[in-house]
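Please keep the sequence and the 3D view open while reading.

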Amino acid sequence: MEHSDILRGFGLLIEGKQSLESLYAYAPVYRFRYLDRNWVLKRTAVRSEAKAIAAWTSYLVSQGIGSVAPTQDFGKNPRSFPSGKNNTEENWVIYPFIEGIPYTGNTNQIYSAGKLLGQIHAAGMKADFNLKVSKTVVAIEKKEIDQDISIILQEIEKYAPEKLTNAQNILNSYSQSYLEDVLPKLLKINLPLTNCSWDYKANNLIYQNDNSPILIDPDHGGRIPRMCDLATALLLFHCDL
């Protein structure tokens with residue numbers, strides 16, 4: 001369905017001749033103006049069900065924790081629409097558009113980003129809101145690791161060929177250690193679970209004037225080991241800047 005059809009499905013007729021283009025090249029995220037306010041229409045429920053994401057984020061907002069949550073101004077939200085593929089459906093949600101500034105890497109922003117992550121984790125220790133549960137870390141298969149190593153080595157050979165052999169030895173050593181030692185241990189232990197963004201990174205935060213961040217993309221959320229979410233955040237945090 002076109003985004004205009006989805007908006008009509010929410011009972012909205014956008015003002016004038018707004019031409020909506022996605023804010024991101026790799027995901028359908030549309031900013032639009034309605035009744036003198038800015039909103040965001042986007043596809044939701046990447047891992048968990050749409051209702052679960054909505055319940056979780058609404059709870060976060062009710063607790064004063066920085067996150068977007070589905071607006072109640074347009075009736076049922078999120079909603080399901082036919083995707084046009086094999087009789088499946090897509091889930092779409094309307095969030096308020098969050099005004100603010102993007103991450104710039106100053107110390108206050110880094111501190112407040114860590115604080116928000118801790119608040120999100122602490123708020124999810126008891127109620128799961130029916131989010132998707134993954135009790136162990138997500139295992140990365142050897143084939144995927146080998147592919148990544150191959151790509152990295154190609155770049156090293158191009159720009160620093162004198163370091164190729166050393167880099168290959170280091171990467172292979174880390175890969176072997178992960179597959180033979182670290183991963184088997186992680187899959188056996190029971191780590192504390194909590195409700196997590198599962199995609200916590202700087203590009204998904206907008207900062208208010210007091211340097212407090214708002215999570216603007218909670219749609220990957222799930223209930224996973226909080227240590228796994230922290231490790232994922234460390235790896236992803238600057239990847240889209």
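**Cores and pockets**

Leaving aside neighbours within four places in sequence, Leu205 is in contact (heavy atoms within 4.5 Å) with Ala113, Leu116, Tyr200, Pro213, Ile214, Leu215, Ile216 and Phe237. The model is predicted, so local features need pLDDT of at least 70 and side-chain atom pairs count only at pLDDT 80 or more, while totals for chains, interfaces and linings use all residues. Residues are numbered from 1 along each chain as its sequence is written, and side-chain values use heavy atoms, with hydrogens and water left out.

Leu205 is also one of the residues with the most contacts inside the largest nonpolar core, together with Ile120, Tyr200 and Phe237; this core has 25 residues. A nonpolar core here is a set of buried Ala, Val, Leu, Ile, Met, Phe, Trp, Tyr and Cys residues joined through side-chain atoms within 4.5 Å. Buried means under 20% relative accessible area, exposed over 50%, and partly exposed in between (1.4 Å probe, protein chains only). Two or more core residues come from each of helix H2 (50–62), strand S5 (89–96), helix H3 (107–123), strand S7 (205–207) and strand S8 (213–215). Helices (H or I, at least four residues) and strands (E, at least two) are DSSP runs, numbered from the N terminus. H3 provides the largest share of the core, 5 residues. A second, separate core has 14 residues, including Leu7, Phe10, Trp39 and Phe81.

The largest pocket holds about 780 Å³ of space. A pocket is an open set of points on a 1 Å grid over the protein atoms alone, where a 1.4 Å probe fits, with protein on both sides within 12 Å along at least five of seven lines; lining residues have an atom within 4 Å of a point. Grid points are joined across faces, edges and corners, and a volume is the space filled by probe spheres set on the points. Of the 24 lining residues, Val138, Ile140, Tyr178, Thr232 and Leu235 are the closest to the centre of the largest pocket. H6 supplies the largest share of this lining, 6 residues.

The second largest pocket has a volume of about 640 Å³. Its lining has 33 residues, of which Tyr24, Val29, Lys42, Ile216 and Asp217 are the closest to the centre. S5 gives the most to this lining, with 4 residues.
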